[in-house]
Amino acid sequence: MSGITTEQQFIRALRSHASQKATFHQLAELLPLRRGLRWTIEEVESKARELSSDVSSPIFVVRHGVQYFGSENRKDCALYKETAASIVRSHGTANGEPKAKPYFTSRPPSGSPSGIWQNPDLVVTVRRREGSDPREHFHAIEIEQANGFDIRSVYQAHEQGRGADFAWVYYAAGTRSSVDSRSVRAAKELGVGIVRMPQITVPSKWDVEVKAKQQKVTNEGRRALLALIDR
């Protein structure tokens with residue numbers, strides 16, 4: 001494993017495991033030997049917590065172990081799935097039904113040139129009550145891995161969020177923000193919201209750094225969004 005960092009070893013091991021998540025004991029079994037010896041559970045936990053506190057690392061300590069939250073173009077991407085699940089939990093239920101429903105939309109449109117992505121990573125519908133009538137709001141969300149956020153994320157969220165009532169960027173980060181003043185200014189001018197997720201599976205610890213503004217939606221834009229989520 002010469003030339004492979006410990007973080008890369010963690011990533012390789014977690015990517016091979018279900019949901020890219022493992023207990024400290026399981027990860028100790030998955031990691032390659034060091035000088036002919038297995039990692040101890042204590043060593044795995046210590047290193048995992050060190051990586052989890054690093055704003056640039058996609059390794060996070062979660063309940064019951066450690067998980068890889070790197071952004072991948074794959075249907076079962078843990079970063080997307082756990083973000084969606086946490087959003088649904090944060091909105092709660094009404095009459096026994098979830099108030100929020102997620103749709104994974106990161107696939108490229110048919111006929112799109114290779115590498116060109118035109119859809120948000122996630123669309124979440126949230127039923128709210130306005131006056132006496134319930135109304136469904138659509139939230140288009142770009143999801144960025146650790147150290148993957150920059151001002152381009154804001155413009156991408158704005159462009160790919162057309163047809164939604166709100167456009168957001170949610171990004172994984174450690175104990176400190178990755179957002180610079182230019183990104184904040186652009187987000188406020190465009191009405192794009194920014195949410196930092198220091199613990200992806202614990203939405204109560206998320207920080208809304210910029211609140212999204214409700215957008216004016218054209219009939220054409222809404223039809224395109226509805227077609228995207230196959231409703």
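Is Phe60 buried or exposed in this structure? Phe60 turns out to be buried, with a relative accessible area of 3%; "buried" is the label for under 20% relative accessible area, "exposed" for over 50%, and "partly exposed" for anything in between (1.4 Å probe, protein chains only). The model is a predicted one, so local features need pLDDT of at least 70 and side-chain atom pairs count only at pLDDT 80 or more, while totals for chains, interfaces and linings use all residues. Residues are numbered from 1 along each chain as its sequence is written, and side-chain values use heavy atoms, with hydrogens and water left out.

First, the overall picture. The protein chain holds 7 helices and 11 strands; helices (H or I, at least four residues) and strands (E, at least two) are DSSP runs, numbered from the N terminus. Of its 231 residues, 45% are buried. Taking contacts (heavy atoms within 4.5 Å) between residues at least 6 apart in sequence, 56% join residues at least 24 apart. The chain exposes about 12600 Å², with carbon and sulfur atoms supplying 47% of that area, as worked out by the Shrake-Rupley method with a 1.4 Å probe, where for residues only the protein chains shown count as cover.

Three strands make an open sheet in the order β1-β3-β2, and their pairing is antiparallel; two strands pair if DSSP finds at least two bridges between them. Strands β1 (21-22) and β2 (59-62) sit at the edges with a single partner strand each, so one side of each has no neighbour in the sheet. Between β1 and β3 (residues 65-68) there are 2 bridges, and Ala22 stands opposite Val66 in β3. Helix α3 (residues 41-52) packs on the sheet, where it touches β2 and β3, and its direction makes about 115° with that of β2. Helix α1 (residues 6-15) lies across β1, β2 and β3, at about 90° to β3. Such angles run from 0 to 180 degrees between N-to-C directions, using axes fitted to C-alpha atoms, for helices over the stretch in contact.

Back to Phe60, which forms an aromatic pair with Phe69: the two are edge-to-face, 5.7 Å centre to centre with 70° between the planes. Rings of Phe, Tyr and Trp (its six-membered ring) pair if their centres lie within 6.5 Å; planes under 30 degrees apart count as stacked, over 60 as edge-to-face and the rest as tilted. Phe69 is buried too, at a relative accessible area of 0%. The structure holds 5 aromatic pairs, and Trp168, Tyr170 and Trp206 form one aromatic cluster.

What about the nonpolar core? This term covers a set of buried Ala, Val, Leu, Ile, Met, Phe, Trp, Tyr and Cys residues joined through side-chain atoms within 4.5 Å. The largest core has 25 residues, and Leu79, Ile141 and Tyr170 have the most contacts inside it. Helix α4 gives the largest share, 6 residues. Another core lies apart from it, with 17 residues, including Phe10, Leu31, Trp39 and Ile59.

Finally, strand β9 is well wrapped up: 7 of its 7 residues are buried, so the rest of the structure largely encloses it. Phe166, Trp168, Tyr170 and Ala172 are buried on one side of β9, and Ala167, Val169 and Tyr171 on the other. Strand β9 pairs with β10 in the parallel sense over 5 bridges, and Val169 has Ile194 as its bridge partner in β10.
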